[in-house]
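Dear colleague,

I am handing over the structure below, and I would be grateful if you could look through it before reading my notes. The notes after it are meant to be read with the coordinates open.

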Amino acid sequence: MLQHWGAPPGKLSRAFEGRSLTLNAALRLMRLYKSRELLRRKRHLPIARIAAMVHFRNAKHFATQFKKHFRCTPSEERKGMK
């Protein structure tokens, strides 16, 4: 991403040094919150498709990370939106 703007690759990682949240963790959180928004707004999309849209390697890994953060599965999240 930073290379696109001509910045060195390590610059963004250095911005996270000494903080409680790593760059990877921050990016994962952004993807998880985007996935929750998609689950709520795009109910017709399969969960596997949403996982792919937010760049998780597969639906199982996505569901594991989602449950770890939100304390419910993507399916439970979607059912709770009635």
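What follows is a summary of what was found, with the cut-offs stated where each term comes in.

Please keep in mind that this is a predicted model, in which local features need pLDDT of at least 70 and side-chain atom pairs count only at pLDDT 80 or more, while totals for chains, interfaces and linings use all residues. Residues are numbered from 1 along each chain as its sequence is written, and side-chain values use heavy atoms, with hydrogens and water left out.

Overall picture

The chain has five helices and zero strands, where helices (H or I, at least four residues) and strands (E, at least two) are DSSP runs numbered from the N terminus. Read along the sequence, the pattern is α-α-α-α-α. Of the 82 residues in the chain, 28% are buried; here buried means under 20% relative accessible area, exposed means over 50%, and partly exposed lies in between, with a 1.4 Å probe and protein chains only. Taking contact to mean heavy atoms within 4.5 Å, 46% of the contacts between residues at least 6 apart in sequence join residues at least 24 apart.

Helix α4

Helix α4 covers residues 59–70, and its 12 residues should span 16 Å at 1.5 Å a residue, which agrees with the 16 Å between its end C-alpha atoms; the expected span is 1.5 Å times one less than the number of residues. The buried residues of α4 are Phe-62, Gln-65, Phe-66 and Phe-70. They cover an arc of only 110 degrees around the axis, which puts them on the same side of α4, the arc being that of the directions from the helix axis to the C-beta atoms. As background, an α-helix has 3.6 residues a turn, so residues three or four places apart point the same way. The buried residues of α4 pack against α2 (23–41), α3 (47–53) and α5 (74–79), whereas Lys-60 and Lys-68, on the other side of α4, are exposed.

At the start of α4, a side-chain oxygen of Asn-58 reaches to within 3.1 Å of the backbone nitrogen of Lys-60. This is a polar contact in the sense of a pair of N or O atoms within 3.5 Å, where, within protein, one must be able to donate a hydrogen and the other to accept it, and residues adjacent in sequence count only if both atoms are side-chain atoms.

Two positive phi values

Which residue follows α4 with a positive phi? That residue is Arg-71, with phi near 65 degrees; Arg-71 lies in the loop between α4 and α5 and is exposed, with a relative accessible area of 77%. Phi of His-55 is also positive, near 65 degrees, in a residue other than glycine. His-55 is placed in the loop between α3 and α4 and counts as exposed at 64% relative accessibility.

Aromatic rings

Rings of Phe, Tyr and Trp (its six-membered ring) pair if their centres lie within 6.5 Å, with planes under 30 degrees apart counted as stacked, over 60 as edge-to-face and the rest as tilted. By this rule there are four aromatic pairs. The rings of Tyr-33 and Phe-70 have their centres 5.1 Å apart and their planes at 85 degrees, so this pair is edge-to-face. Because Tyr-33 lies in helix α2 and Phe-70 in helix α4, the pair ties together parts that are 37 residues apart in sequence. Tyr-33 is partly exposed at a relative accessible area of 41%, while Phe-70 is buried at 14%. The rings of Phe-66 and Phe-70 have their centres 4.6 Å apart and their planes at 50 degrees, so that pair is tilted; both residues lie in α4, four residues apart, about one turn of the helix. Phe-66 counts as buried, at 0% relative accessibility.

Tyr-33, Phe-56, Phe-62, Phe-66 and Phe-70 form one aromatic cluster. Arg-31 lies over the face of Phe-56, at 4.1 Å from the ring centre, the criterion being NZ of Lys or CZ of Arg within 6 Å of the ring centre and within 35 degrees of the ring normal.

Ser-35

Ser-35 lies in helix α2 and is buried, with a relative accessible area of 0%. A polar atom of its side chain lies 2.6 Å from the backbone oxygen of Leu-32. Not counting residues up to four places away in sequence, Ser-35 touches Ile-50, Val-54, Phe-62 and Phe-66.
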